[in-house]
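Please look over the structure below together with its sequence. The briefing that follows takes up one chain as a whole and then selected elements of another.

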Amino acid sequence: MAITLTETAARRVEKFLANRGKGIGLRLGVKTTGCSGMAYTLEFVDETKPEDIVFESRGINVIIDPKSLVYIDGTELDFAKEGLNEGFKFNNPNVKDECGCGESFTV
Amino acid sequence: MALLQIAEPGMSAAPHQHKLAVGIDLGTTNSLVATVRSGMSTVLHDEEGHALLPSVVHYLPDGSVEVGYTAQAQQSQDPHNTIVSVKRFMGRGLKDVGDTAQLPYQFVDTPGMLQIQTRAGQKSPVEVSAEILKVLKQRAEKALGGELTGAVITVPAYFDDAQRQATKDAARLAGLTVLRLLNEPTAAAVAYGLDNASEGVYVIYDLGGGTFDVSILRLSKGVFEVLATNGDSALGGDDFDRRIFCWILEQAKLPPINPEDTRLLLTKSREAKEWLSDHTEARITSILKSGDLVDLTLTSAKLKELTQHLITKTLNPTRKALRDAGLAVEDVKGIVMVGGATRMPQVRHAVAEFFEQDPLTNLDPDKVVALGAAIQANVLAGNRSENDLLLLDVIPLSLGLETMGGLTERVIPRNSTLPIARAQDFTTFKDGQTAMSIHVVQGERELVSDCRSLARFELRGIPSMAAGAARIRVTFQVDADGLLSVTAREQTSGVESHITVKPSYGLSEDEIADMLQSSFNAADSDKQARALQEARVDAERLLEAIAAALSQDGDLLAEAERKQIETSMEQLRNLMNSGNSHEIHDAVEALNHATEEFAARRMDTSVRKALAGQKLNTLEL
């Protein structure tokens, strides 16, 4: 399995990285907090850690630590607009349940 | 499903803990709100896709309020109840605002700040501004999907205390937490990333709707210092409109016209001006309420001729600001253009000619201030790592702590720029002292009782040592929000104690002014009080030390010698309560002198003890 980006998401990440002026890719991860147990994290990456797993999707380096990968393997990251708001969205096949807000989930 | 933004490495927020912060440019003509998403500063649009919100507030007969384009459309219909350019009146009294006859409002002269009579009652400029801010706040919360942590609001560099306070009050009235008021030129410089650029002098030329503001900034070590500001608080794009308006009246040979027609023609004038930024001719047509018809063509050459004196009026303050900063045109590293009026080609040309270099214009001059404010808000809300902090504020009153005898020891002097950290070492006063009380105070006075007490805390668990042997490092740290934290740490054992205080809360501007005033007035008596306290502390320390020595090594003294020392001690003790600083000082000297022989004998004894039983060659000499 792997982590992929939609074309829209990839172009956005590319733009944000260019604007930031530094960074080698995008880190996806999970943290064990939130109302349903786990929450997604999304961060710029300046340097990888030795245990990191790196995928490449549409020209973007996607970096994940192995512990997080278990929960989000197969995820497709999308960029969406909802009304005036816009941002990234995890389409995660492992999710059983989400909290109302969608910021945390259980597997 | 919530939409996520990319955070800085290690800065991901927990769910529902995102710190949503915005930058707001509360402009004379237009206002904007911007935020940083995935590391990028962007202006937030309304549902119709407008970035700008005209700073126009219309009070309707049914009691409701319109803000922005819908209000702007009412300018010519209902001029008395449609407030434009309210920023000009922020924190101003009626006498500060010249030329009220030209404006279509009924002003009410109230103490402090004028008010405007509308059909919804008397409105202060603060209330009118709050209406604009409310709309921006709603827009931001919709776009970001949550409540705002806070906002950075920009103000012109020349805004005085009353005007800044009025801006803060308007924000509070709109339900916004003000993270900071930021000077507009600094915001513009930040938007251009000049804070990351090479060090040097930058000029911010800001020709907005109603104000002209030129600022000379020096960037050094990532910090902007405002070297000089100048400007004209009654010169802006509106004046170009008015100039065209007067030209229309002349050309169309119109009689004096009513307020509705005035607004209508002013709107037409503005449209013609904007059109001429990328066209050479603009047609102005209108049918007035009076039945008069206007049909004119304005060329860009004519506009240039009409407004040349206005542009010259911007270059004079620019020249003055440079002179105030002691700089020449050649010293300027870059020029940032701010404000919609800088879109006019003749303005750009004039500036390029003056500085002998092309100004920076690649960011939208209407948005650049809001974009910079958003970057600053993002930092202040804590979404960036610490070393990205940007400083742009100073401490209004010194921060310090209480030392023996109720004296103030200043740790961070007033006017220090934020954020700042300062450490100072203190020691124990008594032998075997294991705790220290730390009293944090704010103010300029020498005696703690005259300063404002901020917090008290204790450092416990100091290892038992002789007086003066412990090294206690007290660190004062004030972050970009003005939040003070004080840490005390005993260096040898590492025991530590910590407290966080918010100094600016609870002190009004007036109180700050009063405290400063009294420190100037009281400087002399404070000095004497300080000298006396210091003498007393010295005396007490000496008495303690001698008493300890006497109980330990009293047998080294003959009875008469001991008596003599005890008499000197008694004299000093009496003087401590009644004498002045000189008398105490002299008595301390006398006691020191009286115990010299005793001290020498003690030294001999301890050296002899240390050497007893050791062979000469084992000693490290």
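Two residues are in contact if their C-beta atoms, placed from the backbone, lie within 7 Å. The model is predicted, so that local features need pLDDT of at least 70 and side-chain atom pairs count only at pLDDT 80 or more, whereas totals for chains, interfaces and linings use all residues. Residues are numbered from 1 along each chain as its sequence is written, while chains are lettered from A and ligands numbered from 1 in the order in which they are written.

**Chain A overall**

- In chain A, residues 24 or more positions apart account for 55% of the contacts with a separation of 6 or more.
- Chain A has 2 helices and 9 strands, these being DSSP runs numbered from the N terminus (helices H or I, at least four residues; strands E, at least two), and along the sequence they follow the pattern β-α-β-β-β-β-α-β-β-β-β.
- Of its 107 residues, 34% count as buried, a residue being buried if 20 or more other C-beta atoms lie within 10 Å of its own, exposed if 12 or fewer, and partly exposed in between, with C-beta atoms placed from the backbone.
- The pLDDT, which is the predictor's confidence in each residue from 0 to 100, averages 84 in chain A, and 84% of the residues score at least 70.

**A sheet in chain B**

- Three strands of chain B form an open sheet in the order β6-β5-β7 with antiparallel pairing, where two strands pair if DSSP finds at least two bridges between them.
- Because β6 (65–67) and β7 (82–84) of chain B stand at the edges with a single partner strand each, one side of each is left without a neighbour in the sheet.
- Strand β5 (residues 56–59) of chain B is joined to β7(B) by 3 bridges, and Val56(B) stands opposite Val84(B) in β7(B).

**Helix α13 of chain B**

- The buried residues of α13(B) are Ile584(B), Ala587(B), Val588(B) and Leu591(B).
- These residues cover an arc of only 105° around the axis, which puts them on the same side of α13(B); the arc is that of the directions from the helix axis to the C-beta atoms.
- An α-helix has 3.6 residues a turn, so residues three or four places apart point the same way.
- The buried residues of α13(B) pack against α11 (523–553) and α12 (559–578) of chain B, whereas the face turned away from the buried side carries the exposed residues His582(B), Glu589(B) and His593(B).
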